[in-house]
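The structure is shown first.

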Amino acid sequence: MCGIAGLIHRGKSSNVGRELTDMLQSLKHRGPDSTGFALYGNPKSGEHVLRFKVAEQEDMRHGFQIHDQVRERRAEVDRRLDELGARRVSEEEATEYAYRYWISYDGDMKKLADYVEDVEGAEILSIGNALELVKDLGDATVVSGQYGLGEFGGTHAIGHTRMATESDVDIRSAHPYWAYPFNDISVVHNGQLTNYWGFRREMERRGHRFMSNCDSELIAVYLADRMERGEDLEEAMHRSVDELDGVFTYVVATSDRLGMAKDVMAAKPMVLYESDDFVALASEEVAIRSVFPHEIDTYDPYEGEVMVWQS
Amino acid sequence: MAELDQAHESYELGMHTEQLSGRTQQVFFSAEESDNLVYPWAPVVDFDKSGEIDAESLNQQEVNAEIRRLMSEGVGTITVRNPGAKHSLGVGILSRLNLHFDGSLGYFGCGLLDGPNVTVSGRVGWSCGENMMAGTVLIEKNGGSTFGAAIRGGDLVCKGDVGSRTGIDQKGGTIIVGGRAGAFSGFMMQRGRMVILGDAGKNLGDSMYDGTIYVGGKIADLGVDAVEGEMTDLDRDWLTRKLALYGLESPNGAENMTKIVSGKQLWNYDNLEPTEKKLVL
């Protein structure tokens, strides 16, 4: 079933970490397997935020060697970053297997991503000036607490509560998906794509990599590919409604925009609240009510509809 | 029209155009038999006796249980405050009751109703009024998708916009939408009436067997086997009377609404009883 949510403040920052945590927690019944956050903070000039992990949560529960392996893998990531000339400005251990680095790097981002992910067990969750992507097993409160997202300040955010249907219960299959290797683009999705494999093969032929077998990842890669070819976000989204087959509602975010698209059958839910300075959208109104407990006017976007908002 | 009796008028309105001959389907409900109007276990309520529920700290099961508790005490007018868009509120009420929600409902609100008069001051989520059998539900703001799915009777009214697949599998009753309705509205409609005062989305009335859809605005396109019918004085009179009950009117007047009916090129009601079918086959 899955639950998706997004919010954007227009012209100001807010505690988007806490707001999105509350929204996703109220959607827990739509998917208890994993929870993911794509948070857009206040970018530091000349620096990128790199979120990566070197093991699955499940791995940490098994084997005597895993802690040594995690240390070795992280050291190898550090070595490769140094080798490529990416200066590590600061580092944080988000968990014992996931990390948050600020790096200064003006080289080829795809080369950096590929080189880091070549380390065994390593997966880049996101690279961005503003984007920080966090996902793990558990409900929103658990993941938010584990990664200290409650005080995260920023302009906008999207998130997902996952009920695994067609791929594994692991971090790799959890949403959101970063649109590798593009800065600051992330996607969450509720639905099923029926022409996934055809488009995946086409994207792979064009040089894009997939980290999971989850159809939702395709949307992120598809949008990134279209934007790489010169389309703006809204054009790419309109094209996706025409070309991607199946039932879906997805939410996408870039460094300064939030968008949503619904398939032509409108078979997956989305409720929307919009005011002059704030937009919130979610699979169910109860999620929006966790941010706005008072009576508000909401509506459902229609079939085939694409909407984009600026921060 | 005064010369028409009720049965004749309903026939002229297209309510009995089906070529039914199976014995089961010829047994009609008789409103003359008062025993048919209430369930034996239905609580006797006094509409002048009122009660209030604050739903803020209650879950949906607790809110519904509280509605039943008040009804068992004879309370006939209940106001639920702070419903907070919670799901499945006000469902399965099978007797007369005046029920008011001061706020919005989530998914599956007011489903399986058989008799109460419900008002909602806010919005409703997906599948409001699903399988409703009798009574009225009046929503002041917008509604979600599958509004009135499989409704069998009563009036389900949303003054705002509703989503896609409105009245999917509608088997009777009346659905009224004050604004726009999404794609596939009236999909596989079998009986009853749907009134959309605004625009209708793609594939309106797709695969409808019977029933009638009236549209005041633009129709994106018609679904398979849905065709435009001829508006008659009876249609216009019925629309004017029905809409007036809820303080609504068509933006361009009832006389300018478009009537959509089944082309009946695809419909295939089984008119035979199983025993008769064996003989035929």
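## Parallel strands in chain B

In this predicted model, strand β4 (residues 114–120) of chain B runs parallel to β3(B), and four bridges join the two. One residue pair in this arrangement is Asn98(B), which stands opposite Asn117(B) in β4(B).

β3(B) also pairs in the parallel sense with strand β2 (residues 75–81) of chain B, here over five bridges. Arg81(B) stands opposite Asp102(B) of β3(B).

## The two faces of β3(B)

In a regular strand, side chains alternate between the two faces of the sheet. Which residues of strand β3 (residues 98–102) of chain B are buried? Leu99(B) and Phe101(B) are buried, and they point to one face.

## The open sheet of chain A

Chain A has an open sheet of six strands with antiparallel pairing, in the order β7-β2-β8-β1-β14-β13. Its edge strands are β7 (131–137) and β13 (271–274) of chain A, each of which pairs on one side only. On average, neighbouring strands of this sheet are turned by 5° against each other, direction ignored.

Within the sheet, strand β2 (residues 34–40) and strand β8 (residues 156–162) of chain A form an antiparallel pair over seven bridges. Tyr40(A) has His156(A) in β8(A) as its bridge partner.

## A helix on the sheet

Helix α4 (residues 140–147) of chain A packs on this sheet and touches β2, β7 and β8 of chain A. The direction of helix α4 makes about 125° with that of β7(A).

Terms used
Residues numbered from 1 in each chain as written. Chains lettered and ligands numbered in written order. Predicted model: local features only at pLDDT ≥ 70, side-chain atom pairs only at ≥ 80, totals over all residues. Pairing = 2+ DSSP bridges. Axes fitted to C-alpha atoms, helices over the stretch in contact; angles between N-to-C directions. Contact = placed C-beta atoms within 7 Å. Buried ≥ 20, exposed ≤ 12 C-beta atoms within 10 Å, placed from the backbone.
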